[in-house]
Amino acid sequence: MAAPRRVDVLVPSAASWDRVGEAAEGESTRVVRTQPESRRSIAMDSNHQSNYKLSKTEKKFLRKQIKARHTLLRHEGIETVSYATQSLIVANGGLGNRVSRNQLLQVLEKCGLVDALLMPPNKPYSFVRYKTVEESKKAYDTLNGKEIVDDLGQKIILYLNFVEKAQWKELGLQALPPGLMVIEEIISSEDEKMLLESVNWTEDTDNQNFQKSLKHRTVKHFGYEFHYENNHVDKDKPLPGGLPDICDSILEKWLKEGFIKHKPDQLTVNQYEPGHGIPAHVDTHSAFEDEIVSLSLGAEIVMDFKHPGGVTVPIMLPCRSLLVMTGESRYLWTHGITPRKFDTVQASRGHKSGIITGDVEDLTLSKRGIRTSFTFRKVRQTPCNCKLPGFSFGFGPAFACYPLVCDSQMKETPTSFPESDKEASQLEQEYVHQVYEEIARHFSSTRHTPWPHIVEFLKALPSGSLVADIGCGNGKYLGINKELYMANWL
């Protein structure tokens with residue numbers, strides 16, 4: 001039998017920690033308990049026997065510390081070390097936990113000079129490198145188990161472990177999708193105020209321009225109504241009144257300055273509360289002409305553009321900026337807004353437009369505000385005949401033809417079904433099992449916190465209850481109530 005492996009874990013004497021899973025089997029743990037005037041070391045063997053009895057609070061923290069280390073290794077491939085280095089990984093201290101760069105730096109800099117802080121996008125952890133090992137050890141001793149509060153008022157507890165190097169594989173330099181342009185400060189703050197005030201969100205529903213509340217936003221149409229049930233407009237039924245009068249002079253100015261080529265006759269106004277978004281989509285080819293423009297008012301937003309080849313380009317749209325989509329960016333790339341309350345942005349760029357890069361030394365969080373978008377389009381009166389000459393964004397000829405995604409030109413194919421059990425099994429393997437294998441690591445790392453209502457439900461069940469957790473994912477509800485019998489299916 002292999003000798004037990006010893007792990008060093010710091011246990012601060014005063015903190016409030018949550019409940020976690022048990023320590024791994026076969027590990028011997030030395031617990032260092034910090035106290036105001038002295039520090040005592042207590043050795044625990046693999047059977048958790050000790051000449052010093054840990055408090056309930058210390059046991060909970062110890063299990064959480066070990067679980068954090070195992071989770072990082074299992075799901076992220078990040079290996080921690082048991083000896084002191086200049087670099088630490090801060091579990092729960094990531095952009096994915098709504099912890100901003102400034103907020104975390106204020107905590108870390110109390111222990112010494114921070115040489116680098118790497119915050120990977122959408123991850124629940126970050127890396128910090130101190131100037132000296134002594135400063136890193138001080139952070140490990142001082143901040144392990146520290147409770148901080150995020151911008152939404154929720155408590156987050158930090159868990160630190162040493163790593164050999166603080167590093168992260170960054171994405172390569174990206175370019176804007178072809179045909180896409182963002183013009184900053186396209187209107188004045190006075191015009192912005194007048195445009196926002198021109199939209200009456202409290203009109204009577206008898207008015208044909210009245211707003212509609214969708215799942216993630218409130219919308220209002222002018223010129224023509226856009227029908228979301230078929231993603232089209234009724235060209236023979238224009239709405240009375242046309243576009244708001246205030247828009248006319250603004251559009252004429254954009255035409256004169258060359259920002260747009262056609263004067264729009266359809267306007268959709270969307271109002272997004274923080275946490276709202278819009279699914280990724282391509283505006284229907286046959287409904288509108290090539291040029292689609294969107295004016296951002298009230299607040300900035302990050303919009304995601306996705307190519308069919310798999311590339312995603314997040315782009316910052318500042319307040320009072322104009323997004324212009326033509327050609328490939330309009331016809332081929334989807335665009336959408338992820339429903340969330342914070343966006344990951346470049347700390348050094350402030351509120352300027354541009355691609356949100358993968359520079360983990362320059363990423364932070366921006367809290368969303370109420371954003372209103374004015375999206376202008378020109379209704380197409382003839383069938384779409386879009387064509388794409390040449391190559392597409394470095395992906396070669398595979399996507400070199402818009403008709404493949406054009407509703408006016410694509411050929412309808414009859415629905416087909418597997419002809420045998422073998423073919424059905426192959427389809428399931430390719431489109432179900434393989435997809436889950438590819439997304440499992442990211443899915444697990446971004447869904448690590450149990451839902452409070454489910455925890456409440458599990459803890460309220462009588463002892464000995466049988467629970468079936470179907471589609472249990474990474475098993476985050478296992479161990480919530482050890483008095484239950486849980487059957488789990490992935």
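What follows describes a sheet, the helices lying across it, and then a single residue with its contacts.

The model is a predicted one. Within it, four strands make up an open sheet, ordered 5-6-4-9 and paired in antiparallel fashion. Because strand 5 (114-118) and strand 9 (159-163) each have a single partner strand, they stand at the edges, and one side of each is left without a neighbour in the sheet. On average, neighbouring strands of this sheet are turned by 25 degrees against each other, direction ignored. Strand 5 is joined to strand 6 (residues 125-130) by four bridges, the two strands running antiparallel, and Leu118 stands opposite Phe127 in strand 6.

| Helix | Strands it lies across | Angle |
|---|---|---|
| Helix 1 (residues 56-76) | strand 4 (87-91), strand 6 and strand 9 | about 50 degrees to strand 9 |
| Helix 2 (residues 101-108) | strand 5 and strand 6 | about 145 degrees to strand 5 |

The remaining notes turn to another part of the chain. Ile301 belongs to strand 18, which covers residues 301-306. Is Ile301 buried or exposed? Its relative accessibility is 6%, and the cut-off for buried is under 20%, so Ile301 counts as buried. Leaving aside residues up to four places away in sequence, Ile301 touches Ile315, Met316, Leu317, Ile337, Asp343, Arg368 and Arg371. Ile301 and Ser353, although 52 residues apart in sequence, are 9.8 Å apart in space, taken from C-alpha to C-alpha.

Key. Residues are numbered from 1 along each chain as its sequence is written. This is a predicted model: local features need pLDDT of at least 70, side-chain atom pairs count only at pLDDT 80 or more; totals for chains, interfaces and linings use all residues. Side-chain values use heavy atoms; hydrogens and water are left out. Two strands pair if DSSP finds at least two bridges between them. Axes are lines fitted to C-alpha atoms, for helices over the stretch in contact, and angles run from 0 to 180 degrees between N-to-C directions. Contact means heavy atoms within 4.5 Å. Buried means under 20% relative accessible area, exposed over 50%, partly exposed in between (1.4 Å probe, protein chains only).
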